[in-house]
Amino acid sequence: MRPVEPSTSSPDRSRGDLETDAGSEPRSYPTGARIMAWLLVGLFAGAVVAVAAASFFGNDSTPSGEAGALADTVWPMPDDIDLPVLADATAAWGLDSTVRSDVDDALAGGSTIADLDADGDPDLVVAHGAVRIFRWDGEGYLAPIVVDIGSAVAVSAADVDADGWIDLLIARDAADDTIVWGGEWTTDGSRPELTELAGANPSSALLAGELSGDERIDIVRLGRGQAQGEPDILWIALGDRRFGTTELPSGDRLSLAGEVVDIDADGLLDVWVTRDVGWINGGDSIYSRRGDPTGPWFDVADDMGAGLEIDGMGVTIADLDGDEFLDAYVSDLGDNEVLMGGPDGFEPAGATGAERVRPPGAPESVISSSWASGATDINLDGRLDLVVANGGFPEGGVPNKIPDTSVVVADPPAVLLGIGDGRFVDVWPQLGLTWSGPARGMTIADLDGDGDEDFVIVTMTGEVRAFRNDVESPSITLVPAPGCDPAGAVLTIESGSTTLQRLLAPNTFASSHGAGAVVGIAGDDLTATVGWGDGTTTTREIRSSPDRQRTTLDCRG
């Protein structure tokens, strides 16, 4: 791949114009003149925003750090990288574009993908008021099975009770969260068994993973309250579908999304949590047991350089620059954050091209609000890409830390192609797709089983949009074997030219992605290694082939 240099957006130019002349340097917004303007208006506007936000969230603190410094880098597109081939498949796949919902929660809109009926095909689950399960029939989705528990805002999937059936973990805007236990009810019309867990009223998400040292799958509840915020809770599995609880050290911060992964390399799974209005109520957390399987839990985010104080809405953990250290992409309001990992923790990265400050073509006064995100090799070139769901709040009903700007309500997704060394190009304007909306959750997976990864977005209003990917390149699909818990598992693909590293079953805002990965094969033999959450590893040698392949990764060797 030839080296490329970044160009920088000017205030009146769309980020969709991918500059091809090399040699210019990235610059940050605001410019010097705009900084001077902010110095004049910031004392008033910034103070008003801070006071309004503090009143809304029941906290009298003022923002910490520098709010409002926007950086937006546009890299030229290398000649040797192809675009994905995306189409809106909502109607073709039989999905209702709008789901009628009884939930009045601006953060609702979760989705996940899992084989709930054990037929080998992935099923789509949408959580927005009720829980709707769309079963794949080979060409599209059947009419949904409705689990009418009410007030559902987020969903993830795991075999919590280890009975061979995938269970659904439902976060709700209600007094209780709900586990929908998997079983034959998806095919025989019977009612599923439910377990209620005392919720945060409302909760943001439920995350699954082995987090108590007893080989059972536990559940993390991320809490957000209307006033002071509810604490994050670890529901510890005791067997027989019973749970005990321990409180995680979150204080009154407003947790919105999290990920389960051993990020501090102590041999135990950690929980990375990103938080809304962190510039007022406190920053992000990484909960670690510091090598002790039974706890206690500590917040090590500041020690690792990951305690961002932003409007954190989602987090994606993956090796974004190919150096075999996991990095973090954290969704923000107005300026997404990239933290590059290394042996001593994390450092903020500038000029990545993944900032996604504003929609393509928007003026400086308009900014994006980014939510669910995910790492995927969407164009099957052996490099990791990012897909980001964006959208705002009607009538501006959200505190905004960036003076003199408004958050756009209907916003298109960002498809950020990796071009090497942790740099990305947003190619959405070139894909011929026109959809935009107030997006929230998103699921990335090979939904139609054709050997490339597609994605589904759910909006704040319950609209469902499916985007089919049809890339004509060889690929390998890697999936965990039945009975292998993929939570926190790290997949590393090594070839003669690249290294690709991502989680095998990642979570995102209000949603979780499919358990597995699809990776392009660029003419080289591959080595696939999975570091499972329990510390064991599985390695597979994969021969290059012009055909599309599928490999099962067994945690038992």
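Start with the cysteines. Cysteine 484 and cysteine 555 form a disulfide, with their sulfur atoms 2.2 Å apart. Keep in mind that this is a predicted model. How many disulfides does the count come to? One. As a reminder, a disulfide is a covalent bond between the sulfur atoms of two cysteines.

Now its geometry. The torsion about the S-S bond of cysteine 484 and cysteine 555 is about -85°, so this disulfide is left-handed. What does the pair tie together? Cysteine 484 sits in the loop between β33 and β34 (490-494), and cysteine 555 in the segment after β41, so the bond links parts that are 71 residues apart in sequence.

Buried or exposed? Cysteine 484 has 7% relative accessibility, and because buried means under 20%, cysteine 484 counts as buried. Cysteine 555 has a relative accessible area of 23%, so cysteine 555 is partly exposed.

Stay in this region and look at the strands. β33 and β41 belong to an open sheet of three strands, ordered β38-β33-β41, with mixed pairing. Its edge strands are β38 (517-520) and β41 (549-553), each pairing on one side only. On average, neighbouring strands of this sheet are turned by 25° against each other, direction ignored.

How do β33 and β41 run? They are parallel, and five bridges join β41 to β33, residues 475-480. Within that pairing, leucine 478 stands opposite threonine 551 of β41.

Next, a second sheet. Here four strands form an open sheet in the order β5-β32-β31-β30, and the pairing is antiparallel. The edges are β5 (86-88) and β30 (439-445), and each of these pairs on one side only. Neighbouring strands of this sheet are turned by 20° against each other on average, again with direction ignored.

Take one pair from it. β5 pairs with β32, residues 464-469, in the antiparallel sense over three bridges. Aspartate 88 stands opposite phenylalanine 467 of β32.

Which residues touch the most other members of the largest nonpolar core? Of its 56 residues, they are Ile219, Phe243 and Phe455. Another core, of 31 residues, lies apart from it, with Leu320, Leu386, Leu416 and Leu504 among its members.

Now two covered strands. Which way do the residues of β21 point? Asp327, Tyr329 and Ser331 go one way, Ala328 and Val330 the other, and all are buried.

β20, residues 314-318, pairs with β21 in the antiparallel sense over five bridges. There, valine 315 has valine 330 of β21 as its bridge partner. β21 is also joined to β22, residues 337-342, by three bridges, and these two run antiparallel.

What about the turn? The hairpin of β21 and β22 has five residues between the strands, and glycine 334 takes a positive phi near 95°.

The other covered strand is β25, residues 370-376. Why is β25 described as largely enclosed by the rest of the structure? Because seven of its seven residues are buried. β25 and β26, residues 385-390, pair in the antiparallel sense over five bridges. Serine 373 has valine 388 of β26 as its bridge partner.

Last, the whole chain. The protein has four helices and 41 strands. Of its 557 residues, 61% count as buried. Take the contacts with a separation of 6 or more: residues 24 or more positions apart account for 58% of them. The protein exposes about 20,100 Å², and carbon and sulfur atoms supply 49% of that.

To close, go back to the opening pair. Cysteine 484 is buried, cysteine 555 is partly exposed, and their sulfur atoms are 2.2 Å apart. That's my tour; over to you.

Key
Residues numbered from 1 in each chain as written. Predicted model: local features only at pLDDT ≥ 70, side-chain atom pairs only at ≥ 80, totals over all residues. Heavy atoms only, no water. Pairing = 2+ DSSP bridges. Axes fitted to C-alpha atoms, helices over the stretch in contact; angles between N-to-C directions. Core = buried A, V, L, I, M, F, W, Y, C linked by side-chain atoms within 4.5 Å. Buried < 20%, exposed > 50% of the residue type's maximum accessible area, 1.4 Å probe, protein only. Contact = heavy atoms within 4.5 Å. Areas by Shrake-Rupley, 256 points an atom, 1.4 Å probe, with all protein chains shown as cover. Disulfide = S-S within 2.5 Å.
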